[in-house]
Amino acid sequence: MATTTTPPIATAGIDAVPASVEPPEERRFNIGRVLAWVFMIAVILISLFPFYWMLRTALSSNNALYAGSDSLLPVQPSWGGFQRVFGLQTGQEALDAGGAGQPVNFWRYLFNSIVVSTLVTGGQVFFSAMAAYAFARLQWRHREKVFAFFLAGLMIPAIFTLLPNFVLIKQLGLVDTLLGIALPSMLMTPFAVFFLRQFFLGISREVEEAALVEGASKVRVFFRLILPMSTAPIATLAILTYISTWNEYFWALMVSYTDNSRVLTVALGVFKSQTPQTGPDWSGLMAATLVAALPMLILFMLFAKRIVNSIGFSGIK
Amino acid sequence: MAISTPTRRATPRPKRARDDTRLAMLFILPALIGFLVFMVWPTLRGIYLSFTKFNLLTAPEFNGLDNYVRMVQDPVFWNAMKVTIYYVILNIGLQTALALVIAVMMQRLTKRTWLRGIVLTPYLVSNVVAAMVFLWILDFQLGIGNKILEAIGVDRIAFLSSDAWVIPTIAFINVWRHVGYTALLIFAGLQTIPETVYEAARVDGAGEVRMFRSITVPLLRPIIALVLIITVVGSFQVFDTVAIATRGGPVDSSRVLQYYIYDVAFGRFQFGYASAMSVALLLVLVIVTFVQYRLTRAESSDLA
């Protein structure tokens, strides 16, 4: 163990040992520590560099990128990339700047992404919570069997249901609509039900029974007691669902054909395929990429602690 | 909100509390519909469609094992299978090894949230974003990656446009996005190993490397097994990166199974054949998961 960790963690026991360790041992540890930090700094750089590079390229003039491809700062700083992304340049201006002539409007895609992610998150978390409550707290026949059935759903890889689901969405006439993208995951996922049930099981029964004795209905207990007491896990689940829905590409690609329902991930792919094949509009592409990534990065900044700490085995194990 | 449901308030609750069947039905109804309509039904239908000729416009036409016979004889399918397995091995191998090291380093250096936050950042963006930015960084002519190679005196590499490099590069891009998440899962597992075990080893004179090999790895085995099952299943389904960065090329050298299935379904409207290949992929996943489970004995921990 390293001799100097952060104070709250290096407690008792540990402090007792290092004093008796002879100097060479001490030195070896420090070199190891330095190497470990060097490694971690490399990991940090590799993790973050692409984000900087998006920004640097997005703020460069596309035509200048060829000459200044190894400059670490934006080359001939310009908002052109972002202007093309939001359709603020005329076709000719965009062509001159090395972009595609077709107008694009990322506001529309941003809006679509927000609608789809909100529908999926709101619906999935709410309906899964209702089901989780029925599995955790209500008494009914075959409860355990139905729950086992739900759990078996965890085994079905998402990829397998996509093609038949597309056929279904087409039959329902929902192809190229936002609802069509959202619907299959709007009502539940086995994971969400499982995750929330685990949490509801942990809520003390006494509070609930006190409310029931006072004459509250179970419906009221659910809305007024269980949901408010579970704000933390529900928020965690909601944030994670929002992020994964936002980042979904394959399913959205199947369902959307036009601007009516294109979400950001799909639009980014289309934007990429429109760019001139020889000499792509890298500054425009990187501006678009940044625009697509930014909302989730902001969400992450706001809820970093919650998101980081939610990753573990509490839900699975 | 739905507080406007004063269901039989007069009834003395505790007595009737044993049976909530009607209320429970109401509560699970939306989820049950979602489950049956969008998970169970499509699973059965996918299997059925694999025995049909179906072009989406006319009704599916039963054709027995034709799709499977065609699949077995289809060199592109076997190539896709080979490419996918090659990808999974590179992706999972690199990712698990790196994640393990990162997790142990985080455990040893600082458990502060900021470090875990930074490591997790790439996971917050979509595969599409990751593919786009690396398409640019690794561009043959102008990419900073190749500029760096040039600066240190190495020849430029056509990362995404040569058949030797394309799969390793795609594997690397996905490691970049997922390694932090995997590391955090393993990190969470590390927290379950009691500090006293390490203290005892240290008193006995064990070094860092020895402790890693003799304590961390064996005690972490069930966690790693679980992580592997989750990540391998995900890895087999690789699609986004290929669709954005290479479209299966050059030629077929990055045509992974999922991309081929998509191509057959939406490029050629052969939904029956695409479904048959989906069934094959599903079978592969079931077998791989089962074998992994048995090999790693995921259910038993050395800590228990």
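Here are some friendly notes on this predicted two-chain model, point by point.

1. **Ground rules.** Residues are numbered from 1 along each chain as its sequence is written, and chains are lettered from A, with ligands numbered from 1, in the order in which they are written. This is a predicted model, in which local features need pLDDT of at least 70, side-chain atom pairs count only at pLDDT 80 or more, and totals for chains, interfaces and linings use all residues.

2. **Confidence.** The model scores ipTM 0.84 and pTM 0.85. For pLDDT (the predictor's confidence in each residue, from 0 to 100), chain A has a mean of 82, with 86% of its residues at 70 or more. In chain B the mean is 86, and 91% of the residues reach 70 or more. Within chain B, helix α3 (residues 66-73) has the highest confidence, at 94, and helix α1 (residues 13-16) the lowest, at a mean of 48.

3. Two residues are in contact if their C-beta atoms, placed from the backbone, lie within 7 Å. Residues 1-16 of chain B also stay under 50, with 18 contacts beyond four places in sequence. Where pLDDT is low, the predicted coordinates should not be read in detail.

4. **Chain A overall.** Chain A has 15 helices and zero strands; helices (H or I, at least four residues) and strands (E, at least two) are DSSP runs, numbered from the N terminus. Of its 317 residues, 41% count as buried. Here, buried means that 20 or more other C-beta atoms lie within 10 Å of a residue's own, exposed means 12 or fewer, and partly exposed is in between, with C-beta atoms placed from the backbone. Among contacts in chain A with a separation of 6 or more, 70% come from residues 24 or more positions apart.

5. **Domains of chain A.** The assignment gives domain 1 (12-96) and domain 2 (108-274), with bounds that come from an automatic or database domain assignment. Their C-alpha centres lie 35 Å apart.

6. **Chain B overall.** Chain B has 13 helices and two strands, and 40% of its 304 residues count as buried. Its C-alpha trace spans about 80 × 65 × 40 Å along the principal axes. The radius of gyration is 25 Å, whereas a compact globule of 304 residues would have one near 19 Å; the radius is taken over C-alpha atoms, and the globule rule is 2.2 Å times the number of residues to the power 0.38.

7. **The interface.** The contact between the chains takes 81 residues from chain A and 86 residues from chain B. On the side of chain A that touches chain B, helix α1 (residues 23-58) of chain A gives the most, with 13 residues. That side divides into 57 nonpolar, 18 polar and six charged residues, where Ala, Val, Leu, Ile, Met, Phe, Trp, Tyr, Cys and Pro count as nonpolar, Asp, Glu, Lys and Arg as charged, and the others, Gly among them, as polar.

8. **The core.** The largest nonpolar core has 165 residues, and A131(A), Y133(A), A31(B), M132(B) and I186(B) have the most contacts inside it. Such a core is a set of buried Ala, Val, Leu, Ile, Met, Phe, Trp, Tyr and Cys residues joined through C-beta atoms within 7 Å. Helix α8 (residues 166-190) of chain B supplies the largest share of this core, 14 residues. Domain 1 (12-96) and domain 2 (108-274) of chain A both give residues to this core, so it lies between them.

9. **Helix α6 of chain B.** In helix α6 (residues 127-137) of chain B, 11 of the 11 residues are buried, so the helix is largely enclosed by the rest of the structure. M132(B) is one of those buried residues. Leaving aside neighbours within four places in sequence, M132(B) is in contact with L268(A), K272(A), L285(A), T289(A) and I244(B).

10. **A243(B).** This residue sits in helix α11 (residues 240-245) of chain B and counts as buried, with 22 C-beta neighbours inside 10 Å. Not counting residues up to four places away in sequence, A243(B) touches G269(A) and Y259(B).

11. **Two backbone details.** H142(A), not a glycine, has a positive phi of about 65°. H142(A) lies in the loop between α5 (106-136) and α6 (143-152) of chain A, and is exposed, with 11 other C-beta atoms within 10 Å. L56(B) also has a positive phi, near 80°; its place is the loop between β1 (52-53) and β2 (61-62) of chain B, and with 13 C-beta neighbours inside 10 Å it counts as partly exposed.
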